[in-house]
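Work through the two exercises below with the sequence and the structure in view, and try each task before reading its solution.

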Amino acid sequence: MLSDGKLQTEKRAGKLANLRAALQANPRSADGIGIGHTRWATHGAPTDGNAHPHVDEMNRVAVVHNGIIENFAQLRMELEERGCKFRSETDTEVVAHMLSEQLTEHNGDLGAAMRPVCRRLEGAFTLVAISEDDPGLVVAARRNSPLVVGRGNGENFLASDVAAFIAHTRDAIELGQDQVVTITADSHSITDFDGNPSEGKEFRVMWDAAAAEKGGYPSFMEKEIHEQPAAIDQTLMGRLDTAGRLVLDELNIDESVLRSVDKIVVVACGTAYHSGLVAKYAIEHWCRIPTEVELAHEFRYRDPIVNEKTLVVSLSQSGETMDTIMAVRHAREQGAKTVAICNTNGSTIPRESDAVIYTHAGPEIAVASTKAFLSQIAAAYLLGLYLAQLRGNKFADEVADILAELNTMGAKIQQVLDGAAEIKAFGTSMADATSVLFLGRHVGFPVALEGALKLKEIAYIHAEGFAAGELKHGPIALIEPGQPVFVVVPSRRGRDSLHAKIVSNIQEIRARGAVTICIAEEGDEAVTPYADHVIRVPQSPTLLAPLLTTVPLQLFACAMAEAKGYDVDQPRNLAKSVTVE
Ligand code: F6R
């Protein structure tokens, strides 16, 4: 921050609370501008010295940076040859020194200094800088990394994501690639990296400011779990025309192109990848189009077979996951059409895709993804149904029937949530478990993977998800007395063989001492004799069941993390948007 025109820097490794305590111990008054960043360490250990901001040797300019500067070693060498002394091991510090040199060249004009610096940088960066030479302004720049301006009344903001400032303003400007923006309290101006005047895209954030608060829940994660009925309703809202046909207004890809698609490839990471795995079952079943689901970071390195007849569907909550961005770019280079299923308006992935279906789940603040997962499944199902309708795989009334079922899911999720206290109490009682396994079949398999991921990321417990049929091929060797195993039980009203097989699997593991926790439909008594614990979900068609069976697993992970005293919303080593490859 600037305090009486002087640059003052305070930074701490670890939680924000550490920084807050340091500022309380050494309070300073700010002149009205300041910058800050919670950095996910990429170069150097997470220490106070490597934390952001970084300043030049004269303490004249400070900078924070999101992303990775790929040519930093070369730049650092050049600066050191000119006598520059570095204080950190970060890639970012080169920017502070380069800005300082350019400030001298440009008579202290920070905007003018930023542009030549950006032209020399390779990689991904959002940079935000302030300097003593220009005390009333903040300068920022972006390439391959997100940046939005929030326009308030007599105050302006810069952030990676609108959630950071919606408590203050909903008027925002999305910056384009390779742009520099300068803000003061009541103005902003944008140029490209060469100084040519440029424009961003103005938009109004529709999210409610309250959506960024915890609303009485102990964590954002728990609040977001409870927001899932509304999130699903919003994803599905307004998708029927007056004739009762499914419409996807945003999907502005020529219908003849969509009819000629002969393969779908879904690219995503983490939880979003699991939603893609669920969607595959539905899309193939409804559209009869071969569908592959690929981890985005693996996709382009295996020289995938992708051409003009391939539809590449990316799934991303943030729209800023670098691995997914790179997969989408690769797909477009190969001539494929790309559709983004995304929760964040104006983010990079939808911008770089041919079409977008927004999930409208509202801001997801907790690092562990919950409502985004369910709404991604719902949106991918809309895409599948739309393609089935367009290509004649399903009659309009069949599509309408499935949509009607989908529209009941919000209320059914609410029924699961009505039992949240009991599920959480069970999670708390299991807090001493050191390993938990998850089994599922068909769409229950990705649900098992997701249940395991939630537990790993927030409760730091060894957890694995398996396809139940795979048990006998190896994983059953893990079962020893007392091993907790969650089993996602498919509906017996769907394919009876699936249900019967999983009941056998439950018996097999129980016989070897496992503690079995079954997530089963109301009325399914076949599992009761073999379950140590049953969590009931309402009845639903097989393909829609993941919208229900995932919810107890989210609550369970949340309870275990809380019982262990961990920070549910900000688990160690993880970032909400993974903007580096
Ligand atoms: C897990 C989680 C991550 C994200 C993944 C993709 O709870 O949040 O696995 O799902 O990093 O992020 P998005 O969806 O923003 O592309």
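Two strands count as paired if DSSP finds at least two bridges between them. The structure shown here is a predicted model.

**Exercise 1.** Find which strands pair with strand β21, and explain why β21 is largely enclosed by the rest of the structure.

*Solution.* Begin with strand β20, residues 484-488, which runs parallel to β21 and is joined to it by 5 bridges. Within this pairing, Phe 486 has Ile 517 of β21 as its bridge partner. Next, turn to strand β22, residues 533-537, which pairs with β21 over 5 bridges, again in the parallel sense. Here Ala 520 has its bridge partner, Arg 536, in β22. Finally, consider burial, where a residue counts as buried when its relative accessible area is under 20%.

**Exercise 2.** Describe the largest nonpolar core, and say which residues touch the most other members.

*Solution.* The core holds 92 residues, and the two that touch the most other members are Leu 455 and Phe 486. Helix α12, residues 371-390, supplies the largest share of this core, namely 14 residues. Domain 2 (214-407) and domain 3 (415-581) each contribute at least three residues to this core. To look at Leu 455 in detail, leave aside residues up to four places away in sequence; its contacts then include Val 436, Phe 438, Tyr 460 and Met 560.

Technical notes: Residues are numbered from 1 along each chain as its sequence is written. This is a predicted model: local features need pLDDT of at least 70, side-chain atom pairs count only at pLDDT 80 or more; totals for chains, interfaces and linings use all residues. Side-chain values use heavy atoms; hydrogens and water are left out. Buried means under 20% relative accessible area, exposed over 50%, partly exposed in between (1.4 Å probe, protein chains only). Helices (H or I, at least four residues) and strands (E, at least two) are DSSP runs, numbered from the N terminus. A nonpolar core is a set of buried Ala, Val, Leu, Ile, Met, Phe, Trp, Tyr and Cys residues joined through side-chain atoms within 4.5 Å. Domain bounds come from an automatic or database domain assignment. Contact means heavy atoms within 4.5 Å.
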